[in-house]
Amino acid sequence: MSETLGGSAPLVGIIMGSRSDWETMRHASEMLQGLDVPHECRVVSAHRTPRRMVDYAERAVARGLKVIIAGAGGAAHLPGMTASMTRLPVLGVPVESHALKGQDSLLSIVQMPAGIPVGTLAIGRAGAVNAALMAAAILALSDPALAERLDAHRVAQSEGVAETPE
Ligand code: RP5
């Protein structure tokens, strides 16, 4: 989970509060890999490794990252705290928790007070996949080759939808 995926310097940083979030967040990594977007994946906990979180957020711009995807579950402070320490767009993925099925994660991430935005996605796998697609769409604004790959992905997705249920 530690090396850069996709060749050159990472443009997207995928961070998550725990290794237990990887089962969800790997879907974001796989989507970025499919679109050939260089990215990295790290465990960075707002609660257990707060200094690692501060260091990651504060160095993100200088390291060349363009977008951060932050996944966390339960009292999910990671996306908001990270967003408070960088001007990069931060996309939050609520990981499905056992106790409250991710509703705690969702509400923790989505209810940011005015002033520090977090783009909040759906709970679980759908949110992870869509966070990757959103990150790619942001990067595609200034990357025509990626824009073409994103368009092709959408065409292929449409073509893959059957016309009949069986
Ligand atoms: C959060 O606590 C993590 O994002 C994870 O979703 C949740 C549970 O973590 P573990 O106890 O499984 O490490 O910080």
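Let's start with Ser18. Leaving out residues up to four places away in sequence, Ser18 touches Val43 and Ser45; contact means C-beta atoms, placed from the backbone, within 7 Å. Ser18 sits in the loop between E1 and H1. Helices (H or I, at least four residues) and strands (E, at least two) are DSSP runs, numbered from the N terminus.

A word on the model. It is predicted: local features need pLDDT of at least 70, side-chain atom pairs count only at pLDDT 80 or more, and totals for chains, interfaces and linings use all residues. Residues are numbered from 1 along each chain as its sequence is written.

The cut-offs: buried means 20 or more other C-beta atoms within 10 Å, exposed means 12 or fewer, and partly exposed is in between.

Now Asp21. Asp21 is in the loop between E1 and H1. It has 25 C-beta neighbours inside 10 Å, so Asp21 counts as buried. Beyond four places in sequence, its contacts include Met16 and Val95.

Next, the record. The UniProt annotation "binding site", from an unreviewed entry, covers Ser18, Asp21 and Arg48. They span 31 residues in sequence, yet no two of their C-alpha atoms are more than 14.2 Å apart, so they gather at one spot. Such annotations may be inferred rather than shown by experiment.

Last, the core. The largest nonpolar core has 43 residues. That means buried Ala, Val, Leu, Ile, Met, Phe, Trp, Tyr and Cys residues joined through C-beta atoms within 7 Å. H5 gives the most to this core, with six residues.

Technical notes. Two residues are in contact if their C-beta atoms, placed from the backbone, lie within 7 Å.
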